[in-house]
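Please read the points below with the structure open beside you.

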Amino acid sequence: MENPSYQALLIFDKGVLAGQRVSITKPSVIIGRGGTDLECDIVLPERQVSRQHAEIYVEQGRYYLRDLGSKNGTYLNGQPVNGPMELTDSDEIQIALCEHFRFVGADATLPLTRATPAQGLRLDRQSRRVWIGGSEVDPPVSLAQYRLLELLHDPVGQVRSRDEIIGAVWSEAEKEGVTEQAIDALVRRLRERLAEIDPSGTYVITVRGHGFRLDPTGGR
């Protein structure tokens with residue numbers, strides 16, 4: 001029987017489970033490619049993933065990540081996992097560099113049971129979830145889309161330049177190669193995701209010659 005005290009989440013941003021959320025409901029969760037004689041709680045059927053690749057486990061109320069001797073490694077916030085490493089909310093985990101997901105701590109999931117607002121766009125910063133009206137954008141927006149949305153949200157209505165967007169969305173190593181076309185593509189994809197909930201709303205506004213701003217009412 002699942003233990004309700006384990007409430008942390010894994011939110012998958014890239015890979016075969018992209019867009020999915022998985023609750024951690026056991027004191028030990030094995031992640032791997034799996035096989036006929038090996039059981040994995042989270043199966044990632046990628047060649048780069050080892051049959052039993054990594055484990056997330058709970059010890060004295062804290063969550064830890066460890067690599068299980070995988071061939072292509074496990075990474076926490078870009079650093080290789082060489083021993084047990086404690087997880088904190090919003091940590092980014094990579095499995096063999098082909099599967100990316102975020103850890104949302106148990107404390108951060110508590111507000112998720114509250115009622116969503118009746119209108120407008122709302123962010124839950126701890127879990128990186130997005131609502132329009134009473135409907136959640138599900139599957140979740142990508143990490144890049146969320147970072148853009150969060151930048152435009154602080155403060156609402158402020159015009160953000162393309163340089164500000166690059167600084168907020170892309171890592172230092174990626175910034176030099178970011179083009180205007182890449183920014184436009186990111187904005188377009190975010191608009192498309194929001195339109196899945198509200199096809200008639202206009203939330204991300206282009207300010208010609210300056211950048212972009214957010215209208216959380218959707219233009220109403």
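1. Helix H2 (residues 143-153) packs against helix H3 (residues 162-169) at an angle of about 130 degrees, and their axes are 9 Å apart. Axes here are lines fitted to C-alpha atoms, for helices over the stretch in contact, and angles run from 0 to 180 degrees between N-to-C directions. H2 and H3 are therefore oblique to each other; angles under 35 degrees count as roughly parallel, over 145 as roughly antiparallel, 65 to 115 as roughly perpendicular and the rest as oblique. The contact (heavy atoms within 4.5 Å) is made by Ala144, Arg147, Leu148 and Leu151 on H2, and by Glu164, Ile165, Ala168 and Val169 on H3.

2. The model is predicted: local features need pLDDT of at least 70 and side-chain atom pairs count only at pLDDT 80 or more, while totals for chains, interfaces and linings use all residues. Residues are numbered from 1 along each chain as its sequence is written, and side-chain values use heavy atoms, with hydrogens and water left out.

3. How many helices and strands does the chain have? Its secondary structure comes to five helices and 16 strands. Helices (H or I, at least four residues) and strands (E, at least two) are DSSP runs, numbered from the N terminus. Of the 220 residues of the chain, 44% count as buried, where buried means under 20% relative accessible area, exposed over 50% and partly exposed in between (1.4 Å probe, protein chains only). Among contacts between residues at least 6 apart in sequence, 42% join residues at least 24 apart.

4. H2 is mostly covered, since eight of its 11 residues are buried. Among them are Leu148 and Leu151, two residues that also take part in the contact with H3.

5. Two cis peptide bonds deserve a look. One joins Asp138 and Pro139, with omega about 5 degrees; Pro139 sits in the loop between strand S14 (135-136) and H2. Another joins Asp154 and Pro155, with omega about -10 degrees, and Pro155 is in the loop between H2 and H3.

6. Gln60 has phi near 50 degrees, a positive value in a residue other than glycine. Its place is the loop between strand S5 (54-59) and strand S6 (62-67). Is Gln60 buried or exposed? Gln60 is exposed, with a relative accessible area of 80%.

7. Ala96 is not a glycine either, and has a positive phi of about 55 degrees. Ala96 lies in the loop between S10 and strand S11 (99-104). At 9% relative accessibility, Ala96 counts as buried.

8. Asp91 belongs to the loop between strand S9 (85-86) and strand S10 (92-95). Asp91 is buried yet has no salt bridge, meaning a side-chain nitrogen of Lys or Arg within 4 Å of a carboxyl oxygen of Asp or Glu. The nearest side chain of opposite charge is Arg128, 8.3 Å away; Lys and Arg count as positive and Asp and Glu as negative, while His and the chain ends are not counted. Not counting residues up to four places away in sequence, Asp91 touches Leu76, Asn77, Glu86, Phe101, Arg102 and Phe103.

9. Asn82 lies in the loop between strand S8 (79-80) and S9. Asn82 is exposed, with a relative accessible area of 73%.
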